[in-house]
Amino acid sequence: MDKLSGQSILDALTGRFEAFEKSLNGQSKSAIHQVRKNAFEALKANGFPAPKDEEYKFTNLTRALEKNIDFHTQASAPSITTKQIEGVKIPNLDAYNLVFINGEFSAEKSDDFSVEGLEVNTFEQASKENADHVADYFGKQADFEKDPFIALNTAFSHNGVVINVGNNVVVDKPIALYFVSDSSSEQPIYNTRNIVVVGKSAQVTVLEKFDTLGKEKSFTNAVNEIFVAENANAKYYKVENDADATYHISNVNVAQDRNSNFTANTIALNGAMVRNNLDIKLNSEGCEAHMNGLYVLGGKTHVDNHTTVDHTMPNAYSNELYKGIMDDKSKGVFNGKIFVRKDAQKTNAFQSNKNILMTNDATVNTKPQLEIWADDVKCSHGCTTGQLDQDALFYLQARGIRKERARAILLHAFASDVIENLEIKAIQDYVEEIITARLEK
């Protein structure tokens, strides 16, 4: 029998899954765990993405993990301090803060809050106390047959949160989820699973931020399933600013109902290899989806953004803007797909990806795709890749602005429309500060 891609990882995971099942204390026969077992069987049958897998053509994450991550590792208790946690939070962001260290929820370092109509529980707690509700959503949007890393996450789902926003509830502050990895002495490896259910005519903003403290290698596999009901408004932010030796993959799977509005803002700033999958399904009329992305890369950072928007019903709208600035030997990948199904008449769908390469060693692979089966639609897509405008750079320098500052001004202008779309000033300021420090080096 031929070995599957990632066979060495699968061999190591088999022992971990058996140990995980033994730790469930009576929950091994639950509907939730049956989904986990099905996911692990699918993973064992299909393996991880092979080098010729079209979806991972430019991001050989399987090989990188086999080479750099020891899946036999059992990390010891982390030693991250409260001061270190405060250091990774977004300054001046007024939010309900939840902190996870190496995937485990830290009540001590999280806010204790209560909002009428809002329920927030850890995945572990919700699986015990409200198992039927979790089972209604777990694995319903994130298809473990479709992506092996979703299968891996589903099989080991234990950490993360379940957020329920009741009908007509407006959550007054963002819910900020801080995932901090302690790689100071060992390789942390963990899966996080979040389920967000937004009721009819409700509003909520959820932020995920990923940071790694330490120089050892680490691997994080995150999955979000977000359900946006009729007339609801949900905003999702992801800020990823990991260490140079961090390997990270994220899958965000969204289902929208009639007249709902969803916005995703994805900011990628560092990491050895980062993969962001964003999959949105517009399941009814009047849906609106916005996707904004910015990646500012240096060193040997590799960031891959894969997005899919599926228009299934009429009179829906989607707009996507991703921009990348690549310096040194960094590598960017963008693959954006828009599907307009036969019944999705009167669809408006727009997609744009623009990149600037700062050096001859930086690269980008971009592939916008548009598949239309309806005939009464307005759709466009496109991409550009170039270098900094040397005439504009010379113009600024001729007016006494030093070269590093002039370059930063032009790159800020390039990224400004994505940053403006972030809407929350504290997040805008945080991203601006990092970009400024990096571009003026």
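Me: What makes Arg 275 count as lying over the face of Tyr 56?
Reply: A charge sits over a ring if NZ of Lys or CZ of Arg is within 6 Å of the ring centre and within 35 degrees of the ring normal. Arg 275 lies over the face of Tyr 56, at 4.0 Å from the ring centre, so the distance is within 6 Å. The model is predicted, with local features needing pLDDT of at least 70 and side-chain atom pairs pLDDT 80 or more, while totals for chains, interfaces and linings use all residues. Residues are numbered from 1 along each chain as its sequence is written, and side-chain values use heavy atoms, without hydrogens and water.

Me: Which ring does the charged end of Arg 341 sit over?
Reply: The ring of Phe 339, with 5.0 Å to its centre.

Me: Why is the pair of Phe 339 and Trp 373 called stacked?
Reply: Rings of Phe, Tyr and Trp (its six-membered ring) pair if their centres lie within 6.5 Å; planes under 30 degrees apart are stacked, over 60 edge-to-face, the rest tilted. Phe 339 and Trp 373 are 6.4 Å apart centre to centre, with 15 degrees between the planes, so they form a stacked pair.

Me: What makes the pair of Phe 20 and Phe 156 tilted or stacked?
Reply: The planes of Phe 20 and Phe 156 are 35 degrees apart, and the centres 5.9 Å, so this pair is tilted. Both residues are buried.

Notes:
Buried means under 20% relative accessible area, exposed over 50%, partly exposed in between (1.4 Å probe, protein chains only).
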